[in-house]
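Good morning. I will go through one structure, a few residues at a time, and say how each term is used when it comes up.

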Amino acid sequence: MRGKMVGLFAAVLIAIMVAGLAYAHWSETLVISGTVNTGKLDLELSCTCSDNDDTSKDVADVTCVVQNETEPNSITISVTNAYPCYEVSGTIDIKNVGTVPAVLIDYDIDLPEDVILVDLGGYRYKLYYDADGDREADPEELMATAGLTIEGDIGQIDAGETVPIDFYVHFTNPGLPEDWSGTFTITLYFENWSPPT
Amino acid sequence: MDTSELDWEFESGSFTSKDVGNDWTCDSSCNPPSISNIRQGTKDIASTTGEFVDSDGDGDLDTLKVTVSNAYPCYYNHIDFWVHNNGEVPLIISKVIIDGHVYTASPVILCLDLNGDGNLDIIIRYGNSFGTQLEYCDSANISFDFHILQNAPEGQSLSFTIQIVAENWSP
């Protein structure tokens, strides 16, 4: 009986020692508190336009309106009563009002009804009025030539920087219908600049 | 019976950031997590600062506040600093907890959704300091790096926490 008591006492003592060893660690913690404040990608468009109408015979008209309230940004150019040799021109300013550089990654041009755009390369274009509805740019349907000149790097607009784009549309025979009016909407898509891969 | 004290701290003035001048970037993946091809870019857009703080007023610098400003997807930085055993017993760095994820061994690298929108915002890689033993008055260098991911939201403030746990050395 006494031997059993001694053995039991020893077992209890060993158990207490083991438990004590298992919980013998103090600990101290150092903390890294990280805050990441991300920048803002924000572009603002503005547009001015004019035409070559004689002030004494102001037959045709052009207006341009920008949409900056929601993304993507867009510009709408409306032409009224165009005639052969009528020319509109203007400048679209793309200003980076955000805090990170921006890159133009894509654009859409929404054309007036029945107008076909042919890209000649080098920011030069021809416009055709598809009178016969065959969706082909027939030579006799040529209604205008157009072009863009980009001053600056559209592929990398730094914060605070403005890239102007000058444009013109020259209406011409033989395809321009009488009393033609139409609206062009250009939508621009941007993303933040990233270092090259 | 008087017991000893386990105590350690960040070393004042030891914060360094790789982003000095033009920003750095890297390639990264979250499946599985990896960082590679670290390289410097051609623009200085974002910045990172560090500040050591004694948050509990006991005289030890126990918190490092790291602040990234004007961050953008693809921004990378590497941070390192020194820690110092200013207690009375040797200690061992035993555990790292990053936003609730517990690690007791390397590798420590994970992608995190910091704002709960379902998109991963950042990948963090913590250097291997597990098992580092600091004797009394000894110091060690610790580092981590991070890469802002493509889906990080713009114009927001995101937070993360890294807890570095040391335990007293024992035989």
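I start with Cys47(A), which counts as buried because its relative accessibility is 17%. Buried here means under 20% relative accessible area, exposed means over 50%, and partly exposed is in between, with a 1.4 Å probe and protein chains only. The areas themselves come from the Shrake-Rupley method with a 1.4 Å probe, and for residues only the protein chains shown count as cover.

Before going on, some housekeeping. This is a predicted model, in which local features need pLDDT of at least 70 and side-chain atom pairs count only at pLDDT 80 or more, while totals for chains, interfaces and linings use all residues. Residues are numbered from 1 along each chain as its sequence is written, chains are lettered from A and ligands numbered from 1 in the order in which they are written, and side-chain values use heavy atoms, with hydrogens and water left out.

The pLDDT is the predictor's confidence in each residue, from 0 to 100. For chain B the mean pLDDT is 95, and 99% of its residues reach 70 or more. The model has an ipTM of 0.96 and a pTM of 0.83.

Back to Cys47(A). What is it joined to? Its partner in a disulfide is Cys64(A), with 2.4 Å from S to S. A disulfide is a pair of cysteine sulfur atoms within 2.5 Å, and by this rule there are 2 disulfides over all chains. Cys47(A) sits in strand β2 (residues 43-51) of chain A and Cys64(A) in strand β3 of chain A, so the pair ties together parts that are 17 residues apart in sequence. Helices (H or I, at least four residues) and strands (E, at least two) are DSSP runs, numbered from the N terminus. The torsion about the S-S bond of Cys47(A) and Cys64(A) is about -110°, so this disulfide is left-handed. Cys64(A) is also buried, because its relative accessibility is 16%.

Now the other end of the hairpin that β3(A) belongs to. Strand β3 (residues 61-67) of chain A pairs with strand β4 (residues 73-82) of chain A in the antiparallel sense, over 7 bridges. Two strands pair if DSSP finds at least two bridges between them. The hairpin of β3(A) and β4(A) has 5 residues between the strands. Within the pairing, Asp61(A) stands opposite Thr80(A) in β4(A).

The next disulfide is in chain B. Here Cys30(B) and Cys111(B) are joined, with their sulfur atoms 1.9 Å apart. Cys30(B) lies in strand β3 (residues 24-30) of chain B and Cys111(B) in strand β10 (residues 108-112) of chain B, so the pair ties together parts that are 81 residues apart in sequence. The torsion about the S-S bond of Cys30(B) and Cys111(B) is about -100°, so this disulfide is left-handed. Cys30(B) is partly exposed at 29% relative accessibility, and Cys111(B) is buried at 17%.

Then the salt bridges. A salt bridge is a side-chain nitrogen of Lys or Arg within 4 Å of a carboxyl oxygen of Asp or Glu. How many does the structure hold over all chains? There are 5.

One of them is between Lys43(B) and Asp158(A), whose closest N and O atoms are 2.6 Å apart. Lys43(B) lies in the loop between β4 (33-40) and β5 (47-53) of chain B, and Asp158(A) in the loop between β9 (142-150) and β10 (162-171) of chain A, so the pair joins two chains. Lys43(B) is buried, with a relative accessible area of 11%, whereas Asp158(A) is partly exposed at 25%.

Within chain B, Asp27(B) and Arg39(B) meet in a salt bridge of 3.3 Å, N to O. Asp27(B) is in strand β3 of chain B and Arg39(B) in strand β4 of chain B, so the pair ties together parts that are 12 residues apart in sequence.

In chain A, Arg135(A) and Asp130(A) form a salt bridge at 3.7 Å, N to O. Is Asp130(A) buried or exposed? It counts as buried, because its relative accessibility is 3%, whereas Arg135(A) counts as exposed at 52%.

Last, Phe184(A), in strand β11 (residues 180-192) of chain A. Phe184(A) and Ile77(A) are 107 residues apart in sequence and 5.1 Å apart in space, C-alpha to C-alpha. Phe184(A) is buried, at 10% relative accessibility.
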